[in-house]
Amino acid sequence: MKGVIFTHLQEMVETQMGFSVWDDVIEACELGSEGIFVSTFLYPDEELFAIVGALSEKAAIPAEDLVEAFGFYLFPKLHESIPVSVFAPGSMWEMLDGLDSIIHMEVRKLDKHAETPRITVKSSTDNEKVLEYRSDKKLCRLAIGMLKSAAEVFHEKLSISMPVCMHDGHDCCELVVTRDA
Ligand code: HEM
């Protein structure tokens, strides 16, 4: 996982929960990186999972809820980092159509070691998109948090559900994004 994900997680924890919470969690995890993350470097996924696990225990918040809250925090930070010359979607639907083929593709072009998920559009109407999420990291709740946050950024009222999930043994998750009437 890229360091930029860790640096944003650190920023979220420090600003929303306090500097000492982050320091305690890093100390408890005994990470190879020692909690020093450089945004362009890659770090083992296990470090992210260890931090989330320790944070979940410390704050008494279920790990999946923390991951979703982090996704909500993360989207605007990543979104504003895309150069307008690369992609400047004017709507949520346009952004989702380019998520795999433009946004994550660009991330992989800039860093051949980057490991983005595959999030492809399975079906689409004016009011509903069904996305398929595939990743060994199984961070579908991160995706849900990011989608909810993107709805705010694009001023859309949306409902998001996940009728099919890899955590229940399926080979991918289905994320259904519905425009509220
Ligand atoms: C709603 C829109 C988006 C969704 C649902 C989404 C979903 C995700 C998820 C779930 C991951 C974690 C890795 C995994 O599951 O395998 C991820 C990683 C990543 N995404 Fe996205 N993403 C979105 C938009 C963006 C945007 C706008 C950028 C801007 C550049 C971006 C850049 C990245 C990067 C850099 C990583 C880390 C890759 C790595 O660790 O190697 N994503 N994305």
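## Ground rules

Two strands count as paired if DSSP finds at least two bridges between them. Helices (H or I, at least four residues) and strands (E, at least two) are DSSP runs, numbered from the N terminus. What you have here is a predicted model, where local features need pLDDT of at least 70, side-chain atom pairs count only at pLDDT 80 or more, and totals for chains, interfaces and linings use all residues. Residues are numbered from 1 along each chain as its sequence is written.

## The sheet

Let's start with the strands. Four of them form an open sheet in the order β1-β2-β4-β3, with antiparallel pairing. At the edges sit β1 (118–124) and β3, each pairing on one side only. From one strand to the next, the twist averages 25°; angles run from 0 to 180 degrees between N-to-C directions, and axes are lines fitted to C-alpha atoms, for helices over the stretch in contact. Helix α7 packs on this sheet and touches β1, β2, β3 and β4, its direction making about 160° with that of β3. Contact between two residues means that their C-beta atoms, placed from the backbone, lie within 7 Å.

Now for the pairings of β4 (residues 173–179). Antiparallel to it runs β2 (residues 128–134), joined by six bridges, and Leu131 has Leu175 of β4 as its bridge partner. Strand β3 (residues 158–164) is also antiparallel to β4, with five bridges; here Ser161 is partnered by Val176 of β4.

## Around the ligand

The shell around the ligand holds 26 residues, and Leu78, Ala114, Pro117, Ser135 and Leu139 come nearest. A residue is near a molecule if its C-beta atom, placed from the backbone, lies within 6 Å of it. The elements giving two or more residues to the shell are α1 (3–16), α4 (63–79), α6 (99–110) and α7 (140–153). The biggest giver is α7, with five residues.

By type, the shell has 18 nonpolar residues, five polar and three charged. Ala, Val, Leu, Ile, Met, Phe, Trp, Tyr, Cys and Pro count as nonpolar, Asp, Glu, Lys and Arg as charged, and the others, Gly among them, as polar.

## α1 against α4

Helices α1 and α4 pack at about 115°, with their axes 10 Å apart. On the α1 side the contact is made by His8, Leu9 and Met12, and on the α4 side by Phe70, Tyr73, Leu74 and Lys77. Five of these contact residues are nonpolar, one is polar and one is charged.

## Domains

The domain assignment, automatic or from a database, gives domain 1 (3–61) and domain 2 (80–179). Their C-alpha centres lie 24 Å apart.
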